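Here is a short note for a colleague who is opening this structure for the first time. Please keep the sequence and the 3D view side by side while reading.

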Amino acid sequence: TSSWQDAIAVDDVPADDVVGVIVAGKDVAIYSVDGEIFASSNLCTHGNARLCDGFLEGHEIECPLHQGKFDVRSGKPTCAPVTEAIRTYPIKIENGRVYVAFE
Ligand code: FES
């Protein structure tokens, strides 16, 4: 069963950008792309970097450390050196808040 966790106000997610939040002890990246919200683990699978410190272009997040890239919709790696996907999380929006589910 999934349990929704309140992550952030929709208004606090910058347009076409990424922000990092700690939700229930997990480091989560929240993305806004063309008005649509996505969420993933905030930790790069290649090294010790937070994706919220990287650069979002379209649906791709570029890691700040070695410029690997992931698709924020699927978590799949799209550019070397990353080879392992990041986890993505389902989101819902209710009363102006973004909720994420970890399971
Ligand atoms: Fe992210 Fe190396 S730590 S690409």
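1. The model. This is a predicted model. Please read every point below with that in mind.

2. The core. The largest nonpolar core holds 24 residues. Val18, Ala29, Ile30 and Tyr31 have the most contacts inside it. The biggest share comes from β3, with 4 residues.

3. Tyr31. Start here when looking into the core. Neighbours within four places in sequence are left aside. Tyr31 is then in contact with Val18, Ile37, Phe38, Leu56, Ile61 and Val72.

4. Strand β2 covers residues 18-23. β2 and β3 pair in the antiparallel sense, over 6 bridges. Gly20 stands opposite Ala29 of β3. The hairpin has 2 residues between its strands, and Ala24 takes a positive phi there, near 50°.

5. Glu62. Glu62 sits in strand β6 (residues 60-62). Is Glu62 exposed or buried, or partly exposed? Glu62 counts as partly exposed, because 19 other C-beta atoms lie within 10 Å, while a buried residue needs 20 or more. Beyond four places in sequence, the contacts of Glu62 are Gly54, Phe55, Glu57, Gln67 and Lys69. Thr78 is 16 residues away from Glu62 in sequence, and the two C-alpha atoms are 9.5 Å apart.

6. Gln67. Gln67 lies in the loop between β6 and β7 (69-71). Its phi is positive, near 65°, and Gln67 is not a glycine. Most residues other than glycine have a negative phi. Gln67 is partly exposed, because 13 C-beta neighbours lie inside 10 Å.

7. Asn95. Another positive phi in a residue other than glycine is found at Asn95, near 50°. Asn95 belongs to the loop between β10 (91-94) and β11. Why does Asn95 count as exposed? Asn95 has 8 C-beta neighbours inside 10 Å, and a residue with 12 or fewer is exposed.

8. The cis bond. Most peptide bonds are trans. The bond from Ala80 to Pro81 is cis, with omega near 10°. Pro81 is located in the loop between β8 (77-79) and β9 (88-89).

Note on methods. Residues numbered from 1 in each chain as written. Predicted model: local features only at pLDDT ≥ 70, side-chain atom pairs only at ≥ 80, totals over all residues. Core = buried A, V, L, I, M, F, W, Y, C linked by C-beta atoms within 7 Å. Contact = placed C-beta atoms within 7 Å. Pairing = 2+ DSSP bridges.
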